[in-house]
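Q: Hi! Could you walk me through this structure?

A: Happy to, here it is.

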Amino acid sequence: MADALAERRSERERLIGMARAFVDDLAERIPIVAAAVVGSVARGDFNVWSDVDLVVVCEQLPQRAPDRGALLAERAPAGFQIIGFTPEEFRVALARENRLAREAVDKGIALAGAEFFGSA
């Protein structure tokens, strides 16, 4: 049993490391205010079919959803789901109890801008 737990922790750390590397790469291309892993990987209840859910907050994002998605997903590892907000969009989503915004603040693993999530 201890080996299974160690393997699970190791896999979670590997996924978080991949997310961190992706955020670092993304930050070289666009100005990131904050980023956090949310969902099953953050909670630790992921499985082999789980995506790595990543909330990214940027000052400037395209208005059109397809353009925004393309910008954020460019060079993303397979199995990553990136959800983008501007800071104002994030604050509005949080006020409306949006699940992803709430998770980023309450249970997310901050990879950048932890202070933003603390003050949002």
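A: Helix 4 and helix 5 are roughly perpendicular to each other (angles of 65 to 115 degrees count as such). Helices here are DSSP runs of H or I with at least four residues, and strands are E runs of at least two, numbered from the N terminus. The model is predicted, so local features need pLDDT of at least 70 and side-chain atom pairs 80 or more, while totals for chains, interfaces and linings use all residues. Residues are numbered from 1 along each chain as its sequence is written, and side-chain values use heavy atoms, without hydrogens or water.

Q: What angle do the axes of helix 4 and helix 5 cross at?

A: Roughly 95°, and the axes come within 8 Å. Axes are lines fitted to C-alpha atoms, for helices over the stretch in contact, with angles from 0 to 180 degrees between N-to-C directions.

Q: Which residues make the contact?

A: F90, A93 and L94 of helix 4 meet A101, R102, A104 and V105 of helix 5, where contact means heavy atoms within 4.5 Å.

Q: Switching to E103, is that residue buried or exposed?

A: E103 is buried, with a relative accessible area of 11%; buried means under 20% and exposed over 50%, with a 1.4 Å probe and protein chains only. E103 lies in helix 5.

Q: What does E103 touch?

A: V38, G39, R43 and G108, leaving out residues up to four places away in sequence.

Q: And how many helices and strands are in the chain?

A: Six helices and four strands, running α-β-α-β-α-β-α-α-β-α from the N terminus.

Terms used:
Angles under 35 degrees count as roughly parallel, over 145 as roughly antiparallel, 65 to 115 as roughly perpendicular and the rest as oblique.
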